[in-house]
Amino acid sequence: MPAFRQVGEKQLPNPVLCMAWSPKRDLIALANTTGELLLHRLASFQRVWSLPPSEFTGKEITALAWRPDGKILAFHLKDTQQVVLCGVEKAEILHVFPMQNSVTCMHWMEVTEESSALSSFYNSEDESKLFLPKLPTLPKSYSTTSKIFSEEKSDEIMNLLGEVRLNVLVLGGDSGFVELFAYGMYKIATLTGVSGSCRSLSLSGDLKSLSVITEVKSADNQLQICYLQLDTCLLSSCLPEVTRMSRKFTHISTLLQYLHLSLTCMCEAWEDILLQMDLRLTKFVQEKNTSTQVQDEFLELLLWGQSSPELQALLMNQLTVKGLKKLGQSIESSYSSIQKLVISHLQSGSEALLYHLSEVRGMSLWKQKFEPLGLDAAALEGAITAVGSFSLKANELLQVIDKSMKNFKAFFRWLYVAMLRMCEEHVPPELNKMTQKDIAFVADFLSEHFSENEELFDRKGKYFNVERVGQYLKDEDEDLVSPPNTKGNQWLRFLQESAHLKESPLLFPSFPQKSLHFVKRMMEGVIEQCLQKPAEVIGRSVTQAVFLPLYALPESSENTPRLFELPSLWNDKKNKLHHVVFCMPEGSPCKVFLLRRGTDPHRRIPHSVISMDLSRPLEAEGDAAAQPHQVYSCMDARFYDDEMLTVVLQASEEEGRRRVLAQLPLSAALSNEEGEEFSWEPGLRLDQQSGSVPCQSLVLGNQWRELENMKAQFVAVNGIRKVACVLSGNLRHIRVFEMDVEDEDEEGGESQNASADQEVLESSMTSEGPEGKEEEEEEGGGNKMEEQLESEEALDIS
């Protein structure tokens with residue numbers, strides 16, 4: 001019976017550019033040329049969800065990686081230069097951060113090292129929950145216009161933190177750019193000096209080194225593939241401190257995002273007030289014949305109890321008594337929403353920020369442990385001060401809202417009574433009483449919210465504005481139009497008169513002339529500086545330990561998607577080894593080369609370079625169908641696990657280019673360790689001395705399967721879940737296999753092939769194949785889908 005069981009097959013409408021298996025579940029993520037991200041499950045290759053491209057996030061995916069817990073997908077978009085973190089459960093975009101360079105490859109790993117210091121930290125991680133209340137969720141009704149977080153909740157933002165154990169997202173790109181992000185969010189290192197353009201990355205589980213495959217242009221202008229090993233000993237030697245610092249800064253990053261979303265909701269609630277009033281006033285302003293302003297019309301009604309015919313028509317016909325009550329309730333609700341967001345969200349988020357920044361400042365004072373990582377106590381003190389200023393400004397906004405709401409309620413109560421009198425209806429006694437204070441509130445409301453100069457308002461309110469509140473929410477550098485009156489404030493007078501307290505570092509500056517948005521941006525800038533310095537310090541500590549030129553890049557590979565090309569990297573966490581597997585299609589097409597380096601760059605590995613001859617891998621098979629004289633070359637090779645390679649082989653052109661999927665145990669390749677060891681000649685590429693590399697001829701045994709009616713070329717595997725996905729050369733045809741189960745029905749497969757041949761004859765006489773009908777096949781699927789797939793592929797082969 002054929003090895004491996006085929007469990008799914010599909011012809012996709014768009015070519016696939018990236019594919020990666022989930023580390024924890026039987027799910028595979030695919031990115032295609034349209035910028036669409038697809039998630040499929042193993043069983044029948046059923047689609048779980050798709051994330052379509054958008055103008056805001058981007059349409060050109062260049063790299064893809066799973067978080068080690070399998071809950072988040074990271075991908076990069078070239079056209080917008082952004083990295084996106086997407087939740088797997090609901091296909092929701094949770095976080096977006098910009099990149100200075102285009103990302104060509106990414107790798108997300110989890111640290112495997114253990115220590116007593118780390119164990120105590122893992123157990124004490126939730127201490128903040130004892131002191132800080134849980135952050136309230138953001139109101140869903142005010143997040144619909146957000147471009148990224150369409151239905152975001154604070155719980156989902158905080159889920160970005162994931163598990164306490166440190167995981168690192170490594171990004172590589174053009175011009176030797178490499179960056180490391182702890183927990184996928186906080187940048188802990190920016191590396192410089194890497195030669196060439198990155199094609200593949202692998203950070204060791206013990207954080208001792210980073211393996212990089214780069215594409216470098218040689219002196220003779222020829223592209224060559226090189227292997228670099230970067231020494232990251234500072235990360236490994238300070239692992240407990242790096243974990244603590246990264247966890248705290250990731251908390252801080254998520255809290256900044258939470259505050260940003262809260263402020264966005266406040267701005268939307270404010271604009272909602274403007275829109276509701278403007279809808280009522282626009283028609284009135286357009287139809288009135290007098291030159292008087294809206295403000296004047298209401299002042300006449302307040303002073304003389306009489307209104308113009310235009311105002312009376314607006315109030316009685318368009319607004320109505322019932323409509324006024326509804327409008328008043330709606331605007332009061334919007335005011336209350338802003339007030340609640342300040343109290344429950346901004347203030348709670350600011351308190352949590354102060355807590356975490358204070359803890360990081362305490363860490364920075366332990367200079368022996370944290371100074372080598374770049375923590376600066378003075379910079380963190382400045383960040384704490386900036387957060388305090390933001391809290392003061394939020395409290396100032398609360399006072400302004402409170403005063404505005406008093407004016408607003410007085411105005412609507414007065415207007416309600418005036419309209420009842422116009423209708424000659426009974427006025428309740430409790431509403432009929434109006435004090436001088438109430439009249440002052442109404443006059444203040446009219447002067448503040450109805451302006452004669454429409455050019456003052458650059459937002460959506462044309463005839464009505466909430467300027468006293470809105471000025472705090474404008475993202476501008478200008479001073480406030482109506483700053484708070486502090487003349488009678490005894491505390492401020494006391495501070496000004498005290499020489500000692502006036503410049504005290506214990507007091508937060510309040511910036512009375514600036515908006516809340518301005519103070520928030522200033523706070524973010526100060527905190528960003530604190531976040532950046534450790535990344536610069538750690539980045540400078542990384543050095544290049546190994547540089548090995550492997551082979552010249554053939555010109556024919558220029559059209560192949562870079563993400564599918566060899567070499568392939570693997571980190572053997574158990575034996576603390578970096579593995580590199582690659583082929584040299586120009587000089588040794590039938591050989592697979594294996595390069596091994598210790599994760600500790602100073603550790604010597606015997607037989608670090610070996611090769612495996614796969615030219616006749618089926619010779620030991622007695623079956624005549626095996627065609628033992630065929631010569632095979634390797635199309636693709638990926639690490640299945642620490643001890644196994646999964647390869648796609650192709651027979652020679654004379655034999656019809658038969659394709660085979662096979663499992664290759666590394667133990668067979670390493671069995672000849674007693675032989676002569678390869679000695680690398682300095683100044684030469686490996687392909688220039690490949691004849692000296694020890695070679696072992698391998699036979700596959702029964703761990704292989706022919707890929708009939710498919711131009712297989714690439715493979716993606718997951719040894720933990722024991723699955724493989726094979727992709728054709730046209731990047732559209734996919735087959736999925738369970739690798740530890742044999743196919744149950746060999747005869748069924750043969751009869752299916754015969755029916756496929758019949759389909760070839762029929763389809764060659766009729767119209768085009770069913771390309772692009774993915775949706776119909778997903779619903780109707782079954783045997784018809786399999787026959788059509790086989791006939792299409794057979795047509796390609798013929």
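In which strand is Glu-179 found? I located Glu-179 in strand β12, residues 178-182; strands (E, at least two residues) and helices (H or I, at least four) are DSSP runs, numbered from the N terminus.

I noted that this is a predicted model, in which local features need pLDDT of at least 70 and side-chain atom pairs count only at pLDDT 80 or more, while totals for chains, interfaces and linings use all residues. Residues are numbered from 1 along each chain as its sequence is written, and side-chain values use heavy atoms, with hydrogens and water left out.

**Entry: Glu-179**

I looked up the accessibility of Glu-179 and found it buried, at a relative accessible area of 8%. Buried means under 20%, exposed over 50% and partly exposed in between, with a 1.4 Å probe and protein chains only. The side chain of Glu-179 makes a polar contact of 3.3 Å with that of Lys-187. A polar contact is a pair of N or O atoms within 3.5 Å; within protein, one must be able to donate a hydrogen and the other to accept it, and residues adjacent in sequence count only if both atoms are side-chain atoms. Leaving aside residues up to four places away in sequence, I listed what Glu-179 touches, including Met-99, Leu-171 and Ala-189; contact means heavy atoms within 4.5 Å.

**Entry: an open sheet**

I traced four strands in an open antiparallel sheet, in the order β2-β3-β4-β5. Two strands pair if DSSP finds at least two bridges between them. β2 (16-21) and β5 (47-51) each have a single partner strand, so one side of each has no neighbour in the sheet. Five bridges join β2 to the antiparallel strand β3, residues 27-32. In this pairing I found Ala-20 opposite Ala-29 in β3.

**Entry: salt bridges**

Glu-89 is exposed at 63%, whereas Arg-25 is partly exposed at 38%.

I next examined Lys-406 and Asp-402, whose closest N and O atoms are 3.9 Å apart. Both lie in helix α10 (residues 377-422), four residues apart, about one turn of the helix.

Methods
Salt bridge = Lys/Arg side-chain N within 4 Å of Asp/Glu carboxyl O.
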